[in-house]
Amino acid sequence: MEKKRIMSVFGTRPEAIKMAPLVKELAAREGLASICCVTAQHREMLDSVLEVFDVKPDWDLDIMTPRQTLSTITSKCLVGMDEAIDALKPDMILVHGDTSTTFAGALSAFYHQVPVGHVEAGLRTYDKYSPYPEEMNRKLVTAIADLYFCPTENNRENLRREGITENVFVTGNTVIDALRTTVRENFVFATEALNRLPYESKKVVLVTCHRRENYGQPMEDIMSALAHIARTHEDVVLVYPVHLSPVVQECARRYLGDIPNVLLTAPLSADEMHNLMARCYLVLTDSGGLQEEAPALGKPVLVLRRETERPEAVTAGTVKLAGVARDGIVSMARQLITDPAAYAAMAHAVNPYGDGSACRRIADAILWRFGMGARPEDFQA
């Protein structure tokens, strides 16, 4: 029997971290041929992940340009995907999550009448402008997709409320699969300053902040809060790998650049970020992926946003919404830094996002879709 050609399409660092283990799982399956197409929506950050996971793309659109807009990303993806699909002739296209690459990849697949599998389906905030443009991207992909791979039961329930009940699988999140290969006790950081951090004697707080909806006053308030936390807690070292966005770079350096116990670094590779997370005390982030990764490593997370499309972690107690107001962030961080009981309650909560077998379930579901295996059992937290 001729192998079914499954093309995974992604273009950003977070997508790559979550899709790389799936690309490799598909390649290991007898009835499938795993094809990888990258858009390079994030060029440098994408390449570092591909290197860590030893994934070599079969097609590279290389779309990234300085100060690119959402319109240029989407249009260049669509045009580039035409050629890729015609050349590679996939039987199914997999897209991940909610980026502009995700939407354009799914739309292009639809234009070519190729079935779409949506990895990390069913996340919702029900506010189309927050996160922006991710919430609308994932809703549009839902309308296009043929198979839905939901990380959690809550994600499936979101789809059910929208009338989608067929070909829906609860798989867990592939990022938990990724952590199994990247986190190592004897890991040595390429960023030398991270090897010298006082992990035993100080509380290392990992920060990320980069979302578009936080640009402007929210980001000013977040940076002000971070500066206050660092200045008022001598036992804390704040580590911030600063996103390459010029908006983020300028704001971070203005507020945090001259504080002795703040370390600003370039963006980290996937394995560096995962191992830093494993060694840190606390995570403050507006990222989606870190809300899933950190709890798997027993690290409390304060989310620097007004809402989250990952309410399971809030319910489980591994994540709290800190918002974007300066005083709220400072207050919640202070509690976790100074109150051992409050910290332990979050650090020891059960991670709801998976058991490290999400990629296996997705591959099994694809084989089932093509009549080559049994339907996989759903993940249960």
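Strand E12 (residues 301–303) pairs with E13 in the parallel sense, over three bridges. Strands here are DSSP runs of E, at least two residues, and helices are runs of H or I, at least four, numbered from the N terminus. Two strands pair if DSSP finds at least two bridges between them. Leu302 sits opposite Lys320 in E13.

A word on the source. This is a predicted model, where local features need pLDDT of at least 70, side-chain atom pairs count only at pLDDT 80 or more, and totals for chains, interfaces and linings use all residues. Residues are numbered from 1 along each chain as its sequence is written, and side-chain values use heavy atoms, with hydrogens and water left out.

Now the whole sheet. Six strands form an open sheet, in the order E10-E9-E8-E11-E12-E13, with parallel pairing. E10 (262–265) and E13 (319–321) stand at the edges; each has a single partner strand, so one side of each is left without a neighbour in the sheet.

Next, helices on the sheet. Helix H10 (residues 246–256) lies across E9 (236–241) and E10, at about 160° to E10. Axes are lines fitted to C-alpha atoms, for helices over the stretch in contact, and angles run from 0 to 180 degrees between N-to-C directions. Helix H11 (residues 270–279) packs on the sheet and touches E8 (203–208), E9 and E11 (282–285). Contact means heavy atoms within 4.5 Å.

Last, a helix pair. H7 (residues 174–182) and H12 (residues 289–296) pack at about 50°, with axes 10 Å apart. The contact is made by Val175, Ile176 and Leu179 of H7, and Glu292, Glu293 and Ala296 of H12.
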